[in-house]
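Please read the paragraphs below with the model open beside them, and turn to each residue as it is named.

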Amino acid sequence: MSVMTYGEAIRDGLRQAMKADERVYIFGEDVGQFGGVYGITKGLINEFGEKRVRNTPLSEGAIIGEAIGAAIAGLRPVPEIQFSDFMTTAFSMVVDMAAPYRFRLGTKVPIVIRAPSGGGLRVGPYHSKCTEAWYFHVPGLKIVVPSTPSDAKGLLMSAIEDDDPVLFFEHKKLYYEIREEVPEGIHRVPLGKAVVRRSGGHVTLITYGAMVHLALKAAGQLATEGIEMEVVDLRTLVPLDEETMLGSFRKTNRVIILHEAPMRGGVGAELESLICEKAFDALAAPPVRIAAKMTPVPVSPILEDFYLPSAQEVIDAAKRLVQY
């Protein structure tokens, strides 16, 4: 085991996948010598050469278009989109071409689109969005949202070995903020398997990505007041581990759903619907969703802090649910 940051673990996942399979190659804007905006691919060009670590023009449509063609031809491309916000310019390529291709023609399209996402770095509305809900609605796409270094590496390696297009949302605030021991060499975490990060018997909180850490912070504070909150990290939104999610809810009968993207039309709405449809008999209190405010992501630090979900909102919601 080696101690790695979230970003280092992603780089190691790429390295191990490229060592294991010569069909894997990475490309994107400035991913070569520069290593990408956040330095995640730094040094890989020296290990694998310019043919397998390649810069591209500033054209997300061309990047995803190449990935689709390469995947159909038998390669396993891992394109990087500098910021997930920019994937809108390749939206049709993702949802109209990559997603349905296997359904239409039976041909596998093994692509992993790496996309830094999320706020908290004070970079405003064009570089801070969480866009997973836009793709959650599209048949044919898998969506991965890792929260820890070990998961980031393990889920990335599993995604690269998957035969369907995978959107891999990396929260950029986590790149150098968290570190932990990560297994060396080949390390896989299966897609579609959630994990309970903290056990508790009073309230279930379901979340993913960077919000896992906010949830654990709130759970620690609640524990000092005698409220035990169970934190479920979904890890992947598609496939979704309903069994773990509903199993935790049936234990506590109270649930908070937390995500960084705005509430309206968010992934939380689907999760709440599933709980109401499949476990209505277990509800002891109305489910609660906590999400970002319904505005563009502000540039002002004060306003962005107000915009983003807070630990205090989680604490207050948990107390209300317990007292309901």
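The model is a predicted one, in which local features need pLDDT of at least 70 and side-chain atom pairs count only at pLDDT 80 or more, while totals for chains, interfaces and linings use all residues. Residues are numbered from 1 along each chain as its sequence is written, and side-chain values use heavy atoms, with hydrogens and water left out.

We begin with the strands. A residue is called buried under 20% relative accessible area, exposed over 50% and partly exposed in between, with a 1.4 Å probe and protein chains only. Because six of the six residues of strand β7 (residues 166-171) are buried, this strand is largely enclosed by the rest of the structure. In a regular strand the side chains alternate between the two faces of the sheet. In β7, Val166, Phe168 and Glu170 lie on one side and Leu167, Phe169 and His171 on the other, and all of them are buried.

Which strands pair with β7? Two strands are said to pair if DSSP finds at least two bridges between them. Strand β5 (residues 112-117) runs parallel to β7 and is joined to it by six bridges, with Ser117 having His171 as its bridge partner. Strand β6 (residues 142-144) also runs parallel to β7, over three bridges, and here Lys142 stands opposite Val166.

Strand β11 (residues 229-233) is mostly covered as well, with five of its five residues buried. Met229, Val231 and Asp233 point one way from β11, whereas Glu230 and Val232 point the other way. Strand β10 (residues 203-207) is parallel to β11 and is joined to it by five bridges, and Ile206 has Val232 as its bridge partner. Strand β9 (residues 195-198), in contrast, pairs with β11 in the antiparallel sense over three bridges, and Val195 stands opposite Asp233.

Tyr25 belongs to strand β2 (residues 24-28) and is buried, with a relative accessible area of 8%.

The aromatic side chains come next. A pair of aromatic rings is described by the distance of the centres and the angle of the planes. Rings of Phe, Tyr and Trp (its six-membered ring) pair if their centres lie within 6.5 Å, and planes under 30 degrees apart count as stacked, over 60 as edge-to-face and the rest as tilted. The structure holds eight aromatic pairs. In one of them, the rings of Phe83 and Phe86 have centres 5.5 Å apart and planes at 65 degrees, so the pair is edge-to-face. Phe83 counts as buried at 8% relative accessibility, whereas Phe86, at 23%, counts as partly exposed. The rings of Phe91 and Tyr135 have centres 5.5 Å apart and planes at 50 degrees, so this pair is tilted. Phe91 lies in helix α4 (residues 91-105) and Tyr135 in helix α5 (residues 132-136), so the pair ties together parts that are 44 residues apart in sequence. Tyr135 is buried at 1% relative accessibility, while Phe91 is partly exposed at 31%. One aromatic cluster is formed by Tyr6, Tyr38, Phe83, Phe86, Tyr175 and Tyr176.

A charge sits over a ring if NZ of Lys or CZ of Arg is within 6 Å of the ring centre and within 35 degrees of the ring normal. Lys293 lies over the face of Phe306 in this way, at 4.7 Å from the ring centre.

Finally, the pockets. On a 1 Å grid over the protein atoms alone, a pocket is an open set of points with protein on both sides within 12 Å along at least five of seven lines, and lining residues have an atom within 4 Å of a point. Grid points are joined across faces, edges and corners, and a volume is the space filled by probe spheres set on the points. The largest pocket has a volume of about 380 Å³. Its lining consists of 18 residues, of which Lys173, Met211, Leu214, Leu308 and Pro309 lie nearest its centre, and helix α7 (residues 211-223) gives the largest share, four residues. The second largest pocket has a volume of about 250 Å³ and is lined by 18 residues, with Lys129, Cys130, Trp134, Ala261 and Pro262 nearest its centre.

Technical notes
Helices (H or I, at least four residues) and strands (E, at least two) are DSSP runs, numbered from the N terminus. On a 1 Å grid over the protein atoms alone, a cavity is a set of points where a 1.4 Å probe fits but cannot get out, and a pocket is an open set with protein on both sides within 12 Å along at least five of seven lines; lining residues have an atom within 4 Å of a point.
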